[in-house]
Amino acid sequence: LFKGTVPCPGWVAQKFGIEENSEVVQIKRRRHSKGKPIVVDNRYVPKTFGDNITEEELIQYSFSHIFLSKFQLQFTQGNLEIEAMLADETIANELEIDVGWPILHRYIDLIVDGYGCILTGDSFYRGDMYKYRSVLYNS
């Protein structure tokens, strides 16, 4: 787990509508299932939110839960991309799998009306322990 204030990368600044190199909070965490690492997250949040998220919350809860319960903010839009790929050495080490093992890479932007994008970044999932399911409704 890593949570710290970092200079904002250009691509994140564009998403958050702030200046490049201004301060943001980067959160890296590894989540487990059945005693094995299943996903590595590398996310960015604006400093005003990130400074108030505890390590305990990051271990126990999803970002959706944290933003709703702590800040009373509900995501109104999510932009999500998922692609299958093979683990490089860094991801393989973090997920405790072999280099070249199949993984799912997920990129996400989460948006709240009135705030814009308040969370962006990547997740890398073990291909053998993660299933993606989507339910769509026509209103």
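This is a predicted model: local features need pLDDT of at least 70, side-chain atom pairs count only at pLDDT 80 or more; totals for chains, interfaces and linings use all residues.
Does Ile82 count as buried, partly exposed or exposed, and what is its relative accessibility?

At 37% relative accessibility, Ile82 falls between the cut-offs of 20% and 50%, so Ile82 counts as partly exposed. This residue sits in strand E4. Together with Leu80 and Tyr132, Ile82 makes a nonpolar surface patch of about 250 Å².

## The largest pocket

Let us turn to the open space. Rolling a probe the size of a water molecule over the atoms shows where empty space is left. In this model, the largest pocket holds about 360 Å³ of space. Its lining is made of 19 residues, and those closest to the centre are Ser64, Leu80, Arg106, Ile108 and Leu110.

Strands E2 (23-33), E3 (36-46), E4 (77-86) and E5 (102-112), along with helix H4 (63-71), each give two or more residues to this lining. The largest share, four residues, belongs to E4.

## Paired charges

Side chains of opposite charge can pair when their charged atoms come close. Eight salt bridges turn up across the whole structure. One of them joins Asp41 to Arg43 at 3.3 Å, N to O, and both of these residues are buried. Asp41 and Arg43 are also linked with Arg29 and Arg31 in a network of salt bridges.

Another bridge pairs Lys47 with Asp51 at 2.6 Å, N to O. Here Lys47 is partly exposed at 26% relative accessibility, and Asp51 is partly exposed at 40%. Arg126 and Asp128 meet at 2.8 Å, N to O; Arg126 is buried at 6%, whereas Asp128 is partly exposed at 42%.

Note on methods
Residues are numbered from 1 along each chain as its sequence is written. Side-chain values use heavy atoms; hydrogens and water are left out. On a 1 Å grid over the protein atoms alone, a cavity is a set of points where a 1.4 Å probe fits but cannot get out, and a pocket is an open set with protein on both sides within 12 Å along at least five of seven lines; lining residues have an atom within 4 Å of a point. Grid points are joined across faces, edges and corners, and a volume is the space filled by probe spheres set on the points. Patches are made of residues with over 30% relative accessible area and no salt bridge: like charges are joined within 9 Å, nonpolar side chains (Val, Leu, Ile, Met, Phe, Trp, Tyr) within 5 Å. Accessible areas come from the Shrake-Rupley method with a 1.4 Å probe; for residues, only the protein chains shown count as cover. A salt bridge is a side-chain nitrogen of Lys or Arg within 4 Å of a carboxyl oxygen of Asp or Glu. Buried means under 20% relative accessible area, exposed over 50%, partly exposed in between (1.4 Å probe, protein chains only).
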